[in-house]
Amino acid sequence: MDIIIPLLVDGLAAASLIFFIAVGLTLVFSVLRVLNVAHGSFYSIGAYVAVSIGGWAASAGLSPWLSFPILLISAALVAALLGPFIEATFIRYTYGKPEALQILVTFALFLIFEDLQKLVFGVQAHYQDAAMQVLGVSEIGGIIYLNYQLLLIALAVVVVVSLRLLMRHTRLGKLILAVVADPEVSVTLGINARQVYSIAFTIGVFLAALGGALATPTSGVAPGLGAEAIVLGFAVAAIGGLGQIEGAALAAVIVGLSRVIAIYYAPAFEPVMPYLVMLVVLLVRPYGLFGTAQARRI
Amino acid sequence: MRIALLLALAALFVAFPLAFPWLAFVFTLVISKGFAALGVAVLLRAGLISIGHALFYSLGAYTVAYLSRGAGVTDLILQLAGAVAVSSLVGLIIGLFMVRYRGIFFAMLNLAVSMVFFTLLSKLYALTGGTDGVRIGTPTLFGTTIERDTLESILLYGGLVLAFGVGYLVHRYLKSPMGEALPAVETNEIRLEYLGIAVPRVLLAAYVASAGLAGLGGAMYGLLVGHVSPELAYWTISGQLVLVAVLGGIGGVVGPFVGAFFLEIIRSFAVIYFDNIWNLIIGAGLLIVIFFLPRGLYGLIERATQRGPRR
Amino acid sequence: MWKLAATLAVGLGVIAGPAAAQDRPERIGMGIFTFTSGPAAAYGMPGRNAAELIIEQINEAGGIGGVPIAPTYVDEAQGGEGVVSEFRRLAGDQSIGVMVAALSSGNCMALAPIADQLEVPMVTWNCDTHQLFLGEEHPYVFRPNSSTVPEFISYAAYLAQKSPDATRIAIINPDYAFGHDAAQIFTGAMKAFNPDVEVVAELFPKLGTASFNTEISRIAAARPDVIFSNLWGADLENFVRQAQARGLFRSSQVVLALGESVLQRVELPEGVIVGVLGDGWWMSPDAQANERTKEFVSAYRERFGEYPVFPAMKMANTILAVQAAYEKAIEASDGWPGRADLREAFAGLELETLTGTVTVREDHDGLVDQLVGVTVASDEHDFPVIGEMVRYPADQVTPPVGEDPMAWIGTLTPDFAASLPKPGSYE
C-alpha cells in the first residue's frame with residue numbers, strides 16, 4: 001500500500017531524533033559505567049545555546065547556511081565548558097559506587113541545571129528555525145516532508161559510523177576500549193585512565209548537546225525538554241543493551257517505528273510505545289538487544 | 001540510647017503539628033512517603049534500585065478510591081488492608097519476573113512496568129477518571145461516620161503508631177535470615193547460592209514486602225489528600241522515593257522516614273521563600289548529603305547523639 | 001534541630017496573631033496558584049505577571065476598601081501534594097482571605113473539596129473543566145470564567161457559519177482531560193450542526209511533545225477540510241512551525257482554540273480561526289473602549305516586553321472579580337467581611353471586567369461571552385491580529401443551570417448555529 005513509504009520516512013525521522021537523545025548516554029555508560037541523568041540537562045542546554053547563538057547570527061544578518069556550523073559549534077562549546085568540569089567535580093567521585101548513588105548524584109545535578117536554565121532563559125519557548133527554512137521541503141509518497149528531517153536521518157548514520165571508526169581505528173578509541181576492558185591493568189600499562197574518563201564524558205556531553213542543538217530548528221526548546229529527553233534516552237539505551245552504540249541505533253529505529261505505527265493505527269497507544277517495547281525486549285532478552293550477561297563475581 | 005532518640009523524634013513529630021496545624025498535613029505526608037521509601041530501601045539493601053515503585057504507591061491510593069466509590073467499602077481499616085493486599089498481590093506477580101534482573105536492568109524494567117501502568121491510569125477513563133484523577137471520600141471507622149478533621153488526626157497519630165508497628169516488623173524481618181541475606185545478594189550472590197539459600201525466594205519476599213509498604217503509603221496518601229491522579233504513578237515520583245530513601249539512609253528502618261521528613265520540610269520552606277529555585281535547593285541538599293553524609297541523615301542524627309566510645 | 005524550630009517559628013510568625021473577623025486588617029492575603037516552572041509555565045507565567053501588575057494597580061488606587069492586597073504565589077509545577085499542602089498552609093493563615101486557584105483542572109478538582117472543608121473561598125482563574133461543578137456542590141468554590149462547553153461549542157458554531165461545507169475534520173489535542181473533553185465537545189457540536197461531519201483523524205500527542213512530524217504526516221494523509229486543535233504553550237508553537245512548513249495550513253482550514261496566546265510568538269498565516277476561551281482579548285472593541293484596560297495593557301507591555309495574552313487577561317479579570325466581591329461584602333457587613341461573608345458576596349456577583357462582563361451564576365459557574373475570529377494582518381503590529389470577530393453572548397452558548405452539559409450539546413440543532421451572531425458582527 002502507498003502508506004508504507006510515509007510510514008518508513010516518518011519512522012526513520014522519528015528514530016533519528018530518538019537516537020541523538022540516547023547515543024551520548026550509551027557512550028558514557030559504556031566507558032564510565034555511570035547512568036547519567038544529567039544527560040537530559042546537557043541535551044536542553046545544547047538546545048538553548050544553539051538557539052541563542054543562532055538568534056544572534058540571524059539578527060546580525062548572517063547567511064542562514066551558517067546555521068549548520070553554528071549547531072555544531074554550540075554543542076562543542078557546551079561540551080568544552082561543562083564536560084571536563086562536571087566530570088572532575090562530581091562524576092569522578094561516583095566511579096565504582098552503587099548505581100543508586102550515581103543516579104542520585106546525576107539526578108541532583110539535573111535538578112540544579114533545571115532551575116539554572118529557567119533563571120537564564122526564562123520559561124517561554126525559544127526557536128531558531130533558519131536551518132529548517134533554508135533547506136525547504138520535498139514531496140514523498142504524496143506527503144510533504146522537511147528536507148531537514150531527511151538530513152537528520154543522514155546525520156544519525158554519520159554519527160554511528162564515526163563513533164565506530166573512532167572506537168576501532170584511532171589511538172583514543174583503543175585507549176578507551178582498554179580502560180573499559182580493565183581499568184586496573186590499563187593504569188599499570190601507563191594509560192592515564194582519568195584522562196580517558198574525562199574525554200569520554202566530554203564526548204558524551206557533546207553528543208547530548210548536539211542532539212539538543214539539532215532538534216531546535218524544528219522543535220525549539222522550552223522548560224521540560226530535558227526531563228522528557230532523559231527518560232526516553234534511558235528506555236532506548238536499555239533496549240539496545242546499555243553501552244552498545246549500534247544497539248542504541250537499532251533500538252531508536254524500533255522505538256521510532258513503533259511510535260509511528262501507533263500514531264497511524266492506534267494513536268491512543270503512542271505515548272506508551274517506548275516502554276512497551278522496553279518491557280517486551282527486556283522480558284525476552286534480559287540484557288537488551290545487544291547486551292550480554294556480565295560475569296558474576298564469586 | 002536509640003530508643004530514647006526515637007521517642008524524642010516522635011515527640012517532636014507530635015508537638016509541631018499542635019503548634020502549627022498546617023504541618024499536620026505535611027507530617028502525615030512524611031509518614032506516607034516514609035512507608036513507600038522504606039519499601040524502596042528494603043530493595044536497595046540488596047543493591048536493587050527500583051525506578052518504578054510509584055506503581056505500587058499509586059496503586060494503594062487508587063485501590064482506596066475504588067473501594068470507597070466502586071465497591072462501597074467505606075471502613076478506613078478495611079481500605080488500608082485492601083490497599084496493602086492488592087499492592088502486595090500485584091507485587092507478587094510482577095516480582096516473579098523482576099527477581100531475574102539485577103542492576104540497571106532491574107531499574108529499567110521497573111520503570112517500564114510503572115510507565116505502562118501510568119498510561120493505563122490515564123487511558124482507562126471509566127475506571128480511573130482519566131488524567132484529572134478521582135476523588136476519595138472521607139471513610140468511616142468501625143461503622144461510624146467521622147469528620148474530615150477527625151480523619152486527619154487519625155491519619156497523623158494513628159499513622160505514627162502504625163509507623164512504629166510496621167517499622168518494628170520490618171526491623172525484625174531485616175534481622176531475620178531472609179532479611180540478612182539481602183545485603184549478601186549485593187556483595188556476593190553466588191556465594192549465597194553455594195550456601196544453599198534460594199536467592200530468587202529471598203528477593204521475591206523483599207519485592208512483595210516493598211510493594212506492600214508502598215501500597216500502604218499510597219493508601220494513606222489517597223485518604224489524606226482526598227484525590228488521586230495518574231501523576232502519582234509517573235517516574236519522577238519513583239525517583240523521589242529513591243531519593244528519600246538514600247537521603248535518610250538505608251541502613252535502618254528509621255532512615256526513610258527521616259529522609260521523607262527532611263525532603264518535605266526543605267520543599268515546604270524552599271517553596272515559601274525561594275519559589276523560583278526550589279529544585280536547585282533540593283538538588284544541592286541532595287549532593288551535600290551524598291558527599292558528606294554517606295550514611296544518610298539518620299546516620300548524622302545517630303552520630304550526634306552517640307558521643308563517647310563506639311561499640 | 002533548634003535552628004529548624006526557630007526557622008519554623010519565624011516562618012509562621014504571621015499566624016500567631018490572627019486578626020479578629022471584624023477588625024479591618026492591615027492587608028488582604030491572597031494565595032495565587034499558577035505554573036511558574038516546567039512546560040506549563042508558558043501559559044502560567046503570563047497569569048502570574050498579570051496578577052502582579054493588576055494587584056499593584058489596585059493597591060496604588062488605595063487597595064480594596066482601603067486595604068492593600070498581599071499576594072503569595074504558589075507554583076503548581078511542584079505536583080498535587082505540594083499544591084494541596086501549600087493551600088492548607090495558606091488557609092491556616094487567617095490573614096489570607098481568598099485563594100485564586102488554579103491553572104490546572106486536576107489541581108482545581110483536588111483543591112475544591114479542601115476549600116469547602118477549610119471554609120476558605122476559592123476562585124478559579126483558569127481551570128475550565130465542565131466536571132468541576134458536575135455532580136458535586138462546592139459551597140466555597142467559584143468560577144468567574146467560562147467552562148470547556150461554551151468555549152468549544154463556540155468554535156464549532158463559528159466554523160458552521162464560516163465554512164458550512166466542511167465535513168472532514170481532523171483533531172490534534174493534548175493527551176489529557178482538557179484535550180479529550182474538547183475533542184468530544186467540538187465533535188458533538190459539529191455533528192449537531194451538520195450530521196454529515198466525520199472525524200477522519202483524532203490524535204492526542206502527550207504534553208511536552210517536541211516533534212509533531214509523524215502526526216502531521218498522518219493528518220496530511222487523511223486530507224481533512226478542517227484541523228481543530230487545543231494544543232497550547234510550546235507544544236502549539238512547535239506544531240504551528242512544523243505544520244506550516246509542511247503545508248498543512250494551505251490545504252485545510254485550521255482552528256487553533258488557544259491560538260491567541262502564541263500570536264506574538266510564532267508567525268501564524270492569515271485565515272486561521274483563533275479565540276481566547278472567553279472574551280479576554282486585549283484588543284477587542286470592548287477592551288479598547290475601556291481606559292483602564294488600555295492602561296493595563298501598556299503597563300504590561302512595558303514591564304514584560306509583550307502584550308498580555310489571554311491567560312494574563314483571565315487572571316486580571318479574576319482578580320477584579322475578587323475585588324468586586326470584597327467591595328460587595330464590605331457594603332453588606334458591619335465590620336470587615338470574613339471568609340464566610342466573602343463567600344456570600346460571590347453568589348450572584350456581576351461586574352465589568354477589563355474585556356467585558358462576568359456573572360457568577362447560582363451554581364457558582366461564570367457567564368462570559370465567547371470571542372472567536374480569524375487571523376488577519378495588522379497595520380499596527382508586526383504580528384497578526386484577530387479579525388472577522390464574533391462575540392457569542394454567554395447565555396446563548398452556555399448550558400442552563402442544572403442541565404447536564406454533554407446531554408445539552410446533544411439537543412443542539414443546525415438552527416442553533418444559524419441563530420447566533422454572524423462572523424464579522426463584532427466590530
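Q: Where does C:Ala102 lie in this predicted model?
A: Look at the loop of chain C that runs between strand S3 (96–100) and helix H5 (105–118): C:Ala102 is in there.

Q: What kind of peptide bond joins C:Ala101 and C:Ala102?
A: Start from the general idea: most peptide bonds are trans. Now the case here: the bond joining C:Ala101 and C:Ala102 is cis, with omega at about 5 degrees.

Q: While we're on backbone angles, is phi of C:Arg223 positive or negative?
A: As a rule, most residues other than glycine have a negative phi. C:Arg223 isn't a glycine, yet its phi is positive, near 50 degrees. You'll find C:Arg223 in a loop too, the one between H8 and strand S8 (226–229) of chain C.

Q: How do I read the packing of H3(C) and H12(C)?
A: Two packed helices are described by two things, the angle between their axes and the distance between those axes. In chain C, helix H3 (residues 41–60) and helix H12 (residues 291–304) pack at about 125 degrees, and their axes are 11 Å apart. H3(C) and H12(C) are therefore oblique to each other, and their crossing is right-handed.

Q: Which residues of H3(C) and H12(C) meet?
A: On the H3(C) side you have C:Asn49, C:Ala50, C:Leu53, C:Ile54 and C:Gln57; on the H12(C) side, C:Phe296, C:Ala299, C:Tyr300, C:Arg303 and C:Phe304. Sort the residues of this contact by class and you get seven nonpolar, two polar and one charged.

Q: At what angle do H2(B) and H10(B) pack?
A: For helix H2 (residues 22–45) and helix H10 (residues 199–225) of chain B, the angle is about 165 degrees and the axes are 7 Å apart. An angle over 145 degrees counts as roughly antiparallel, so that's the label for H2(B) and H10(B). Their crossing is left-handed, and their contact has 19 nonpolar, six polar and one charged residues.

Q: Let's go between chains. How many residues of chain A are in contact with chain B?
A: Chain A puts in 35 residues, facing 37 residues of chain B. Helix H4 (99–121), helix H10 (225–240) and helix H12 (273–284) of chain A each supply at least two residues of chain A's side. H4(A) gives the most, with 14 residues. By class, the side of chain A that touches chain B has 30 nonpolar residues, no polar ones and five charged.

Q: Which residues of chain A does UniProt list as "transmembrane region"?
A: The unreviewed UniProt entry gives several spans, including 103–123 and 143–166 of chain A. Check such spans against the model: residues 103–123 of chain A are 90% helix and 0% strand, with end C-alpha atoms 26 Å apart. Residues 143–166 of chain A come out at 83% helix and 17% strand, with end C-alpha atoms 37 Å apart.

Q: What does UniProt say for chain B?
A: Its unreviewed entry uses "transmembrane region" for spans including 36–64 and 232–257 of chain B. Residues 36–64 of chain B are 72% helix and 0% strand, with end C-alpha atoms 16 Å apart.

Q: What domain does UniProt list for chain C?
A: The unreviewed entry has "domain: Leucine-binding protein" at residues 30–365 of chain C. That span is 46% helix and 15% strand, and its end C-alpha atoms lie 21 Å apart.

Q: Where does pLDDT fall under 50 in chain B?
A: Over residues 307–311 of chain B, a stretch with zero contacts beyond four places in sequence. Chain B as a whole averages 87.

Q: Which element of chain C has the lowest mean pLDDT?
A: That's helix H2 (residues 13–16) of chain C, at 39, while S8(C) has the highest, 97. Residues 1–21 of chain C are below 50, and the stretch has 14 contacts beyond near neighbours in sequence. For the complex, the predictor gives an ipTM of 0.88 and a pTM of 0.88.

Key. Residues are numbered from 1 along each chain as its sequence is written. Chains are lettered from A and ligands numbered from 1 in the order in which they are written. This is a predicted model: local features need pLDDT of at least 70, side-chain atom pairs count only at pLDDT 80 or more; totals for chains, interfaces and linings use all residues. Axes are lines fitted to C-alpha atoms, for helices over the stretch in contact, and angles run from 0 to 180 degrees between N-to-C directions. Helices (H or I, at least four residues) and strands (E, at least two) are DSSP runs, numbered from the N terminus. Angles under 35 degrees count as roughly parallel, over 145 as roughly antiparallel, 65 to 115 as roughly perpendicular and the rest as oblique. A crossing is left-handed if the near helix is turned anticlockwise from the far one by less than a right angle, and right-handed if clockwise. Two residues are in contact if their C-beta atoms, placed from the backbone, lie within 7 Å. Ala, Val, Leu, Ile, Met, Phe, Trp, Tyr, Cys and Pro count as nonpolar, Asp, Glu, Lys and Arg as charged, and the others, Gly among them, as polar. pLDDT is the predictor's confidence in each residue, from 0 to 100. UniProt positions are given in the numbering used here, feature names are shortened, and annotations may be inferred rather than shown by experiment.
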